[in-house]
Amino acid sequence: MKADPKAADAAPAAGSKKKLMIMAIAGVLVLGGGAGAGWFFLHGSGDAEAHAEEAPAKKKKKKDKEHVKAEYVPIEAFTVNLQPENGDQYLQVQFTLQVDGPEQAVLIKDNMAKVRSRVLLLLSGKKASEINTVEGKQQLAGEIKAAVQVPFDEGGDEQEVSDVLFTSFIIQ
């Protein structure tokens, strides 16, 4: 019995057509998924529009800050006596102020004596137990930020300090 050569050729052709069809369908699905993801990211979700209507002032303020590049103003090290708990204790701390833009950096540098005085008074009123934890350091950073933001001139604008970044912190 001889095999029919026509029947042998038909079986591989039908199998390759099925594979080709499956690959084409998979390609269409991948392209459709990519197009859908691209549309979603470009147009955003519907919630973004509702959120934009709720707080247009916040969004406008955020856009203004996007254009301003953050500047960093290093502050020389402080060594202060802490409030006594268990004998004499000292704090040596060094930090950098993150401010909004070069004009704020110049303003801070021009008024460095006031900045250092405010921070020195703040630090010398602390106890070691208040600032030796992570939470205590974070609270101290907030207090330093608030002290530096107070206007230098009476009736002037607040300084725009974004963050206080500790670079050295030693309690003895």
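Colleague: Which residues is valine 148 in contact with, leaving aside its neighbours within four places in sequence?

Modeller: Contact means heavy atoms within 4.5 Å. On that basis valine 148 touches Leu97, Ile108, Val115, Arg118, Val119, Gln159 and Val161. This is a predicted model: local features need pLDDT of at least 70, side-chain atom pairs count only at pLDDT 80 or more, and totals for chains, interfaces and linings use all residues. Residues are numbered from 1 along each chain as its sequence is written, and side-chain values use heavy atoms, with hydrogens and water left out.

Colleague: At what angle do H5 and H7 pack?

Modeller: Helices (H or I, at least four residues) and strands (E, at least two) are DSSP runs, numbered from the N terminus. Axes are lines fitted to C-alpha atoms, for helices over the stretch in contact; angles run from 0 to 180 degrees between N-to-C directions. Helix H5 (residues 112-124) and helix H7 (residues 134-149) pack at about 145 degrees, axes 9 Å apart. Val115, Arg118, Val119, Leu122 and Leu123 of H5 meet Leu140, Glu143, Ile144, Ala147 and Val148 of H7.

Colleague: What is the strand order in the open sheet?

Modeller: Two strands pair if DSSP finds at least two bridges between them. The order is S1-S2-S3, with antiparallel pairing. S1 and S3 are the edge strands. S2 and S3 pair over nine bridges, and valine 93 stands opposite phenylalanine 169 in S3.

Colleague: Where do the helices lie on the strands?

Modeller: H5 lies across S1 and S2, at about 45 degrees to S1. H7 packs on the sheet and touches S2 and S3; its direction makes about 130 degrees with that of S3.
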